[in-house]
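The account moves from one topic to the next in running paragraphs.

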Amino acid sequence: MAEPSAATQSPSVSSSSSGAEPSAPGGGGSPGACPALGAKSCGSSCAVHDLIFWRDVKKTGFVFGTTLIVLLSLAAFSVISVVSYLILALLSVTISFRVYKSVIQAVQKSEEGHPFKAYLDVDITLSSEAFHNYVNAAMVHINRALKLIIRLFLVEDLVDSLKLAVFMWLMTYVGAVFNGITLLILAELLVFSVPIVYEKYKTQIDHYVGIARDQTKSIVEKIQAKLPGMAKKKAE
């Protein structure tokens, strides 16, 4: 009769004792579950994960709609014009609300105070510790990017450098058709559509991706075997 007691164990204990790995977000897990992450980055990473997977439709719709309107505006107008209109729109709302509340208070002879006092009293100062944490996190990614750039441009691995060359050659054709803003619009549409589609059709997509990966790996191995002086990479 050990089953009832085992069922009352905490999730971490039961998962470690059974050896089963946590379900991926798109698999059999709960809709709001986020992937296993470190304690420091779990909050922000889970928020982004929930955003692009449309866990909260209203929040995701607001973010998606707002950013899409801004990008479309940047495609039609200059950056200065878009920023100026956005600031003017925000100031129009806040000034109108401030004047409206002042008139209401004068008519009703009330002393409610400043309508935005609750927001003005919020402490938004950035502590030195938080600043250093952000800088340290950014430095990790910067150092990794610099190491990758040096590795590719100094041809540590000929195949990887050739991959970059082919990709950049293809990007010249993409750049001839699309500008930067258009690519950002397409990227946003993909970010807010591909994850939810993948979550819905995960099994079928993984099947075809696995076939394509095997074919690509086979071609790369053939190229590496024919290149002089190239040692094959150890299988990971």
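In what follows, a residue is called buried when its relative accessible area is under 20%, exposed when that value is over 50%, and partly exposed in between. The model is a predicted one, and the terms just given are applied to the residues of that model.

The protein has eleven helices and zero strands, and, read along the sequence, its pattern is accordingly α-α-α-α-α-α-α-α-α-α-α. Among the contacts with a sequence separation of 6 or more, 43% are between residues 24 or more positions apart.

In soluble globular proteins, nonpolar side chains tend to be buried together. In this model the largest nonpolar core has six residues, namely Leu 51, Phe 64, Leu 68, Leu 71, Ile 185 and Phe 192. Helix 4, which spans residues 57–76, gives the most to this core, with three residues. Leu 51, itself a member of the core, touches Lys 59, Thr 60, Val 63 and Phe 192 when residues up to four places away in sequence are not counted.

Most residues other than glycine have a negative phi, and most peptide bonds are trans. Trp 54 has a phi near 60°, a positive value in a residue other than glycine, and, at 27% relative accessibility, Trp 54 counts as partly exposed. Pro 195 lies 141 residues from Trp 54 in sequence, and the two C-alpha atoms are 9.3 Å apart in space. Pro 195 is placed in helix 10, residues 194–200, and it counts as buried because its relative accessible area is 15%, which is to be read against the limit of under 20%. With residues up to four places away in sequence left out, Pro 195 touches Ile 52, Phe 53 and Leu 190.

A second region to examine is the packing of two helices. Two packed helices are described by the angle between their axes and the distance between the axes. Helix 7 (residues 128–153) and helix 8 (residues 158–177) pack at an angle of about 95°, with their axes 8 Å apart, and the two helices are therefore roughly perpendicular to each other. Arg 151, Leu 152 and Phe 153 of helix 7 make this contact with Asp 160, Ser 161 and Leu 164 of helix 8. The residues of the contact divide into three nonpolar, one polar and two charged. In the loop between helix 7 and helix 8 is found Val 155, whose phi is near 55°, again a positive value in a residue other than glycine. Val 155 is partly exposed, with a relative accessible area of 42%.

Which residues are linked with Arg 151 in a network of salt bridges? Side chains of opposite charge can pair when their charged atoms come close. The network links Arg 151, Glu 156, Asp 160 and Lys 163. Within it, Arg 151 forms a salt bridge with Asp 160, the closest N and O atoms being 2.5 Å apart, and another with Glu 156, for which the closest N and O atoms are 3.8 Å apart. As for their accessibility, Asp 160 is buried, with a relative accessible area of 13%, whereas Glu 156 counts as exposed at 60% relative accessibility, and Arg 151 counts as partly exposed at 25%.

The count for the model comes to six salt bridges. One of them joins Asp 121 and Lys 117, with the closest N and O atoms 3.5 Å apart. Asp 121 counts as exposed at 53% relative accessibility, while Lys 117 is partly exposed, with a relative accessible area of 48%.

Methods:
Residues are numbered from 1 along each chain as its sequence is written. This is a predicted model: local features need pLDDT of at least 70, side-chain atom pairs count only at pLDDT 80 or more; totals for chains, interfaces and linings use all residues. Side-chain values use heavy atoms; hydrogens and water are left out. A nonpolar core is a set of buried Ala, Val, Leu, Ile, Met, Phe, Trp, Tyr and Cys residues joined through side-chain atoms within 4.5 Å. Buried means under 20% relative accessible area, exposed over 50%, partly exposed in between (1.4 Å probe, protein chains only). Helices (H or I, at least four residues) and strands (E, at least two) are DSSP runs, numbered from the N terminus. Contact means heavy atoms within 4.5 Å. A salt bridge is a side-chain nitrogen of Lys or Arg within 4 Å of a carboxyl oxygen of Asp or Glu. Axes are lines fitted to C-alpha atoms, for helices over the stretch in contact, and angles run from 0 to 180 degrees between N-to-C directions. Angles under 35 degrees count as roughly parallel, over 145 as roughly antiparallel, 65 to 115 as roughly perpendicular and the rest as oblique. Ala, Val, Leu, Ile, Met, Phe, Trp, Tyr, Cys and Pro count as nonpolar, Asp, Glu, Lys and Arg as charged, and the others, Gly among them, as polar.
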